[in-house]
Amino acid sequence: ILGIIGTLVLAECCRRAEELLRETEQPVETVAGLVGFSNPKYFYVVFKNITGQTPLQFRKAVHSASEKN
């Protein structure tokens, strides 16, 4: 439905969200807004569809991996 351009835009938004989730302690709802989503629930759905994890799962995995290093 979105087409290739829409999919690429969403993927780029999620890539930027990954950076923010990794590098900041901003709440997920704030991260969603910073990357262009006005609806945090939609952000959760898109992020999970693209990355295979919810934003909170992603943040937890990144932080636990960095604690092991």
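Which helices are included in what covers the buried residues of α3? Among them are α1 (3–23), α2 (28–34) and α4 (55–68).

## Basis of the model

This is a predicted model, in which local features need pLDDT of at least 70, side-chain atom pairs count only at pLDDT 80 or more, and totals for chains, interfaces and linings use all residues. Residues are numbered from 1 along each chain as its sequence is written, and side-chain values use heavy atoms, with hydrogens and water left out.

## Helix α3 and its ends

Helices are DSSP runs (H or I, at least four residues), numbered from the N terminus.

At the start of α3, a side-chain oxygen of N39 comes to within 2.9 Å of the backbone nitrogen of K41. After α3 comes G52, with a positive phi near 85°.

## Buried and exposed sides

F43, V46 and F47 of α3 are buried (under 20% relative accessible area, 1.4 Å probe, protein chains only). Viewed down the axis of α3, the buried residues fall within an arc of 100° (taken from the directions from the helix axis to the C-beta atoms), so they line one face of the helix. K41 and N49, on the other side of α3, are exposed (over 50%).

## Packing against α4

The axes of α3 and α4 (lines fitted to C-alpha atoms over the stretch in contact) are 9 Å apart, and the helices pack at an angle of about 60° (N-to-C directions, 0 to 180 degrees). F43, Y44 and F47 of α3 make the contact with P55, L56 and F58 of α4 (heavy atoms within 4.5 Å).

How values were computed: Helices (H or I, at least four residues) and strands (E, at least two) are DSSP runs, numbered from the N terminus. A polar contact is a pair of N or O atoms within 3.5 Å; within protein, one must be able to donate a hydrogen and the other to accept it, and residues adjacent in sequence count only if both atoms are side-chain atoms.
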